[in-house]
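Let's take a walk through this protein, one spot at a time. Keep the picture open while you read.

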Amino acid sequence: MNLKHGEDDALQEKLALDGMYENYFLEYASYVILERAVPAVEDGLKPVQRRILHALREMDDGRFNKVANVIGQAMQYHPHGDASIGEAIVAMGQKNLVFDIQGNWGDIRTGDGAAAARYIEVRLSKFANDVVFNPDTTEWQLSYDGRKKEPVTLPVKFPLLLAQGVEGIAVGLSTKILPHNFCELIEASIEVLKGKSFQLFPDFPTGGLTDVSNYNDGHRGGKIRVRSRIEELDKKTLVIREIPFGTTTTNLIESIIKANDAGKIKIKKVIDNTAAEVEIQIQLAPGVSPDITIDALYAFTDCEVSVSPNACVIIADKPHFASVTEILRTCTEQTLELLKRELEIRRHELMEKLLYSSLEKIFIENRIYRKIENSETFEDVLDMVDKGLKPFKKQFYREITQDDLLRLLEIRIKRISKYDTFKAEEAMRRLEQELVETEDNLANLTRYAIAYYKDLLKKYGKGRERKTEIRAFNQISANVVAAANQKLYVDREGGFVGYSLKKDEYVSDCSDIDDIIVFRKDGKCVVTKIQEKVFVGKDIIHVAVFKKNDERKVYNLIYVDGKTGISHAKRFQITAVTRDREYDLTKGNPKSKVLYFTANDNGEAETITINLTAQSSAKIKQFDFGFAELAIKGREAQGNVLTKYPVRKITLKSAGLSTLGGVELWYDGLLGRLNRDQRGKYLGNFEANGHILVVYKDGNYELTSFDLTNRYEPNDIAWLAKFDPKTVVSAVYYEALQKAWYVKRFRIETNTIDKKFSFIGEAKGSKLLALSADEHPRIEIQHQVKDRGPLETMLLQPDGFIEVRGWKALGNKLPFAKVKEIKLLAPRLKEKQPEVVKPVLVAPPLAVEPDVEESEEALAQLGLFE
């Protein structure tokens, strides 16, 4: 019995312990979620942030306070020690919105920490005082020890949560809301009030570039890509001016050095010149392409990072996952409600002031104070004053209370003697006018809220423009941009390939992340990942780095079928495969073998000579064959019959030309990249010797190759096209040295690749105003002949009076003092030549009226006039 009783006690203790664990864990989780890590949707603040702001408000006298003192003040409300408070103050101060700061507060770009709390100072910003606090609309609660009152939430009349962003880890959930642009948030709030749709995207204090195509409105599961802003200082040097959000210059440099050590990129040196602005110089190794290196930096270093938002906020004491749109709508609706409450409070204050002013005026002007002289008790005094006011009570909006009477009785004789009726009435008129205005604002609350937001934008929007540029990013193939950090070798007889076979045949340079393609004498091919040493099958006839989706690579093959003895010829491409799977390029019969094989990078089709065996019954034992006769098909095609007789030898007679023709290219103006996918502007068909002509808005032009890895900065480009030496370019520009306006026509005469040439001169201040490559351009110029003369309009047709000269020529001077505006109009149409009816009489050409409608395409090319 005792044993059983002991077992029952143990069971009861275990159940009690389990219940304690369950309850304690839930209580702890709830506490961390509600009181530590997740912000409230009402004010966008975590409890520690709210308590810091409240403490600063209590200390606020307009002067700076030592952060150490602020920490001490905040500890009256926050029961978690000084470290968490200090970290929160520094984090809020670095966001430069609700605090004015003084001293060394660190730098989020470099990762440098702030100085000790006793050395740095803080005060509330004017913005915080305007939008965060109002004791009349604040709900209060007791602090953790019951000694003080603190706000449940602060009456913030602005989407502070979305402006600052927040990150927190609780028990079982986390939150990550990215910062958004101050001005865009205000504009979006106005759109909400107007009932219109809007879109919001993150804006980071570190600047950089961002692709928001998968932002998903800040919901869980969304993702954005953020990149450094990398500029090409020259062909040997890159400069990073802005870094991705969440990284530091130190971490970024470490990732670049690590990628270089791993052989992913090839650089000579990294120099950190960061001071007031970020500047990281990357010196390239000799012979390395800057464009490919920029892509490699994005692919292999922290120059590109992915950030996943996870918007979680406290709504009605419970965590909710919400979108950025929902949070902004909630904040805007709350602002509307707070403004309404403030107006109602102000209306009540004005009505009370008017009531008392009226009572005071009646009390003094009607000399009611004289009637109390004979009263013996205080009750009689109150009664006499009340009777004196009785004839006027109907004009008041509420009943007169004893407190009103007591307030009248507290008026001093000095005030009564100096009472000025005119001034009193003037003051009452101002109160009445303000009351009417307040009533009107309450009746038109949405209009009032819109005006409130516009006023915020006007007062605080300057200097808060977007820092992070929104762009669409291209997908970078790591295999394409990785530096060649290994050498590929092959043991043809043994069937091994890899980068450790240094005693065997060298094939080419490669990267350690490349795939390689292998062709064997038995007609099999396989694609595999490069390794130190890997067996791919004996009798290797060709091995190379495999480029996926390379539509220019064409293989020419002749094989003999092991079953019939017939030789077949085929041309084929291999654009996509399954790695480590063998593909048969013959009919698949045993003892089939390859007689001839070539790999051609640009689809070349050579001519070969076939020699048959002497024992064959063929009448012609030697003949020529050109691969150009064959169509290019897939790898599984069996090919065309070449001969049914045994082949003794095949030799190359002559190298062939490409049968693929030129490459069709397009330019994607959003990405600033060339492509073959028909995205963007069609440039044309490019042969091997073709070039791209790029004209920049700063008055430079450049010839580049048409490599798909080329990068172009869309914001800097005035015109990009296939280079044609016959093209005549017309330009209107301002020459700063001569302080004059010029128009010129010229052809591109240089043939140096990847070098910029200025066609508007090197003088500082020169600027390009208009550019056209049309044969008969028309340019409308609004100008002044004299400094203060009338505005005139000229229709300029350069081809009619300006000769085509060299790109260095100044051109023709325009007789203008000032140019106000320039428009590119639709080019002039060519006049049709009249038909000759008789040899003697020729009809005169018809006059063609100029088409003054603006060409959208021509205007799109402009983008230059400031």
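**Starting at Asp799**

If you skip its neighbours within four places in sequence, Asp799 is in contact (heavy atoms within 4.5 Å) with Arg745, Glu775, His776, Pro777 and Arg828. Before we go on, a word on the source: this is a predicted model, where local features need pLDDT of at least 70 and side-chain atom pairs count only at pLDDT 80 or more, while totals for chains, interfaces and linings use all residues. Residues are numbered from 1 along each chain as its sequence is written, and side-chain values use heavy atoms, with hydrogens and water left out.

Where does Asp799 lie? You'll find Asp799 in the loop between β45 and β46 (804-805). Those labels come from DSSP runs, numbered from the N terminus: helices are H or I with at least four residues, and strands are E with at least two. The side chain of Asp799 makes a polar contact with the side chain of His776, at 2.8 Å, and another with the side chain of Arg828, at 3.0 Å. A polar contact here is a pair of N or O atoms within 3.5 Å; within protein, one must be able to donate a hydrogen and the other to accept it, and residues adjacent in sequence count only if both atoms are side-chain atoms.

**A sheet of three strands**

Strand β45 also belongs to an open sheet of three strands, in the order β45-β44-β48, with antiparallel pairing. Its edge strands are β45 (792-796) and β48 (818-825), each pairing on one side only. Two strands count as paired if DSSP finds at least two bridges between them. In general, strands of a sheet pair through backbone hydrogen bonds, either parallel or antiparallel. How many bridges join β44 to β48? There are seven, and β44 covers residues 778-784.

**A mostly covered helix**

Now hop over to helix α9, residues 290-300, where eight of the eleven residues are buried. Buried means under 20% relative accessible area, exposed means over 50%, and partly exposed is in between (1.4 Å probe, protein chains only). Among the buried ones are Pro290, Ile294, Leu297 and Tyr298. At the start of α9, a side-chain oxygen of Ser289 reaches to within 3.4 Å of the backbone nitrogen of Asp291.

**Charged partners**

Side chains of opposite charge can pair when their charged atoms come close. A salt bridge is a side-chain nitrogen of Lys or Arg within 4 Å of a carboxyl oxygen of Asp or Glu, and by this rule the count comes to 49.

Take Glu231 and Arg241, whose side chains meet in a salt bridge at 3.2 Å, N to O. Glu231 sits in strand β10 (residues 229-234) and Arg241 in strand β11 (residues 237-242), ten residues apart. Glu231 counts as partly exposed because its relative accessibility is 35%, and Arg241 does so at 30%.

Next, Glu360 and Arg415 form a salt bridge at 2.7 Å, N to O. This pair links distant parts of the chain: Glu360 is in helix α10 (residues 324-365) and Arg415 in helix α13 (residues 413-417), 55 residues apart. Is Glu360 buried or exposed? With a relative accessible area of 7%, Glu360 is buried, while Arg415 is partly exposed at 46%.

Asp404 and Arg398 also meet in a salt bridge, at 2.9 Å, N to O. Here Asp404 is buried at 12%, and Arg398 is partly exposed at 25%. Finally, salt bridges that share partners join Arg229, Glu242, Glu469, Arg471 and Glu713 into one network.
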